[in-house]
Each structure stands twice: as C-alpha cells, then as structure tokens.
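Please read this briefing with the model open beside it. The points are grouped by topic.

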Amino acid sequence: MITLQTFFQEARAGRLTGIRCRQCSELAIPPKEFCPSCHQRAWEAVPLAGHGTIASFTVIRVAPRGRTAEAPYAVAVVKLAEGVSLLGRVIDIPFDSLRIGLPVRFRPLLTADRTVVGFGPA
C-alpha cells in the first residue's frame, strides 16, 4: 500500500505514483484511505507517466507564513495523461507563458528535508 510518506519518497526519486482501486479500478492521486467511488480500501500502486496539461493556475504573490521567501511562485492543477489531476508548483516556466492547456511534465522540487510536487516544461 502506498502512503503519503511513500508517495513523497517515490516523488523524491523522480517517480510519480498513483493508486488504483482493485475493486472498481478508480485511479487516484495523491494516496487516500478509502476509494471515493466504492468506499473500499483496496489500493494498489501504479506508476504514472507524469505528463499532462495545465487545467488551472495562479501566481502566489503573497505567500503563507513560512513560504514568504519563495514568493512570487505559480501553482497549477495539472490534468495528467491518465485522467487524474494533481496540484503542484510550476518550475522553470515564466509566469507570462502560463496558460490553460500548456503541456507540462512532473519535476519534483527538492530541498534538504522536503519534496514538493512540481511541474516544468514538457
């Protein structure tokens, strides 16, 4: 079973991992306790390609406490090729180039003690 901890360990290694319900085949990301469709706990880990397109985005200019040094930065909801969506930080794409439908690929953003889901140019 994949947990949030193993999800981020895999992400840190450059692998994006989703979960698929063995009962109803629902695909989800990030990991959750119960399947939202059939309410079972029958997940199995599945590798995801990490390619997708931006479904929505925003530029954070006033960051929450603890992130003020990082502002401004952009976050986006990315619809992955497998059909699920994931929120992540936008990396190496100028703000004025961001648009709905822009192809991106998974790129983890790493610090010494933290892994953040990120998406960069495809």
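This is a predicted model: local features need pLDDT of at least 70, side-chain atom pairs count only at pLDDT 80 or more; totals for chains, interfaces and linings use all residues.

Thr17 is buried, with a relative accessible area of 7%.

**Thr17 in strand β1**
- Thr17 belongs to strand β1, which covers residues 16-21.
- Its relative accessible area of 7% is under the 20% cut-off, and therefore Thr17 counts as buried.
- Leaving out residues up to four places away in sequence, Thr17 touches Ile2, Phe7, Glu10, Ile29, Ala45, Val46 and Leu48.

**The sheet around β1**
- An open sheet is formed by three strands in the order β2-β1-β3, with antiparallel pairing.
- The edges are taken by β2 (27-28) and β3 (43-48), and each has a single partner strand, so one side of each has no neighbour in the sheet.
- Two bridges link β1 and β2 in the antiparallel sense.
- Arg20 has Leu27 in β2 as its bridge partner.
- In a regular strand, side chains alternate between the two faces of the sheet.

**The largest nonpolar core**
- In soluble globular proteins, nonpolar side chains tend to be buried together.
- The largest nonpolar core here has 28 residues, and Leu16 and Phe119 touch the most other members.
- At least two residues of this core come from each of α1 (4-12), β1, β2, β3, β5 (73-80), β6 and β7.
- β5 gives the largest share of this core, four residues.
- Not counting residues up to four places away in sequence, the contacts of Leu16 are Phe7, Ile29, Val46, Pro47, Leu48, Gly50, Leu80, Leu86 and Phe106.

**Strand β6 and its partners**
- β5 and β6 run antiparallel and are joined by five bridges.
- Lys79 stands opposite Ser85 in β6.
- The hairpin of β5 and β6 has four residues between its strands, and Gly83 in this hairpin takes a positive phi near 105°.
- β6 also pairs with strand β10 (residues 118-121), in the parallel sense and over two bridges.
- Val90 has Phe119 in β10 as its bridge partner.

**Phe95 in a loop**
- Phe95 lies in the loop between β6 (85-90) and β7 (103-106).
- Is Phe95 buried, partly exposed or exposed? Phe95 is partly exposed, with a relative accessible area of 33%.
- Phe95 and Tyr73 are 22 residues apart along the chain, and their C-alpha atoms are separated by 8.3 Å.
- Tyr73 is among the residues that Phe95 touches, together with Val59, Arg61, Pro72 and Ala74, when residues up to four places away in sequence are not counted.

Definitions and conventions: Residues are numbered from 1 along each chain as its sequence is written. Side-chain values use heavy atoms; hydrogens and water are left out. Buried means under 20% relative accessible area, exposed over 50%, partly exposed in between (1.4 Å probe, protein chains only). Contact means heavy atoms within 4.5 Å. Two strands pair if DSSP finds at least two bridges between them. A nonpolar core is a set of buried Ala, Val, Leu, Ile, Met, Phe, Trp, Tyr and Cys residues joined through side-chain atoms within 4.5 Å.
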